[in-house]
Amino acid sequence: MQKKFKIMVIQGPNLNMLGVREPNLYGSMKLEDIHAQMKVVADQYGAEIEFFQSNFEGEIVDKIQECLGDSDGIIINPAAYSHTSVAIRDAISAVGLPTIEVHISNVYRREEFRQKSLISAVANGVIVGFGPVGYHLAMIGMLQIFDQIKAVLASQQNAQ
Ligand code: DQA
C-alpha cells in the first residue's frame with residue numbers, strides 16, 4: 001500500500017485574527033478559509049493535513065517536536081516569532097522535516113526588524129508577499145517535495 005503523506009500547518013501569533021487584523025497588509029481572508037482551501041488541495045493529492053495555531057512560542061516548539069514520526073512536512077508562518085525565536089528555529093532543525101516558511105506580507109517592504117527571519121536558514125523554501133495565496137503556493141511546493149521523496153522510495157524498492 002502507498003504511504004499517505006501528512007502536512008502539519010503551523011500558524012504563529014495573531015494569525016488567528018486574520019480577516020480582522022490590518023487587512024491592508026494581510027488581506028480579508030480568515031484563517032479557517034485559508035485552511036479550507038489548503039485542505040481541498042491536500043485531499044486532491046491524497047495527503048493528510050492538520051492545522052495548528054498558537055500565540056505561545058513554547059506551544060509551537062512542542063507542536064514541531066510532535067511532528068517527528070507523525071508528519072512528513074511542515075508549512076509554518078511563525079509570524080512575529082520569525083524575527084526573534086531561536087527556539088522555533090532549533091525545533092525545526094531538530095526534527096529535520098521538509099519545511100516551508102510563509103509570510104503573507106512582503107516583510108522586505110516593511111520595518112527593518114521584519115527583514116530578518118531566524119527561520120529561513122532552516123527552511124527548504126520561503127514564500128513572501130503573495131497574500132493568503134502564499135499558503136496555496138506552499139502547498140504546491142510541499143507536494144512537489146513529496147513527489148520527489150516518493151520517486152526516491154520507488155527507486156529504492158525497485159533496486160531490492
Ligand atoms: C507575518 C509577518 C510578521 O512580521 C508579522 O509579525 C506577522 C505576520 C506575515 O505573514 O506577513 O504576524 O509573518
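This is a predicted model: local features need pLDDT of at least 70, side-chain atom pairs count only at pLDDT 80 or more; totals for chains, interfaces and linings use all residues.
1. Basis. Local features need pLDDT of at least 70 and side-chain atom pairs count only at pLDDT 80 or more, while totals for chains, interfaces and linings use all residues. Residues are numbered from 1 along each chain as its sequence is written, and side-chain values use heavy atoms, without hydrogens and water.

2. α3 and α4. Helix α3 (residues 57–66) packs on helix α4 (residues 86–95) at an angle of about 5°, and the axes are 9 Å apart. The pair is therefore roughly parallel (angles under 35 degrees). Contact (heavy atoms within 4.5 Å) joins E57, I60, V61, I64 and Q65 of α3 to A87, I88, A91, I92 and V95 of α4. By class these residues are 8 nonpolar, 1 polar and 1 charged.

3. α2 and α5. For helix α2 (residues 31–45) and helix α5 (residues 133–159) the packing angle is about 25° and the axes lie 10 Å apart; α2 and α5 are therefore also roughly parallel. On the α2 side I34, M38, V41, A42 and Y45 meet Y135, H136, M139, L143, F146, D147 and K150 of α5. This contact has 9 nonpolar, 1 polar and 2 charged residues.

4. Buried face of α3. I60, V61, K63 and I64 are buried (under 20% relative accessible area, 1.4 Å probe, protein chains only). Seen down the axis of α3, the buried residues fall within an arc of 165°, so they line one face of the helix. Their cover includes β1 (6–11), β2 (48–53), β3 (73–77) and α4.

Key. Axes are lines fitted to C-alpha atoms, for helices over the stretch in contact, and angles run from 0 to 180 degrees between N-to-C directions. Helices (H or I, at least four residues) and strands (E, at least two) are DSSP runs, numbered from the N terminus. Angles under 35 degrees count as roughly parallel, over 145 as roughly antiparallel, 65 to 115 as roughly perpendicular and the rest as oblique. Ala, Val, Leu, Ile, Met, Phe, Trp, Tyr, Cys and Pro count as nonpolar, Asp, Glu, Lys and Arg as charged, and the others, Gly among them, as polar. Buried means under 20% relative accessible area, exposed over 50%, partly exposed in between (1.4 Å probe, protein chains only). The arc is that of the directions from the helix axis to the C-beta atoms.
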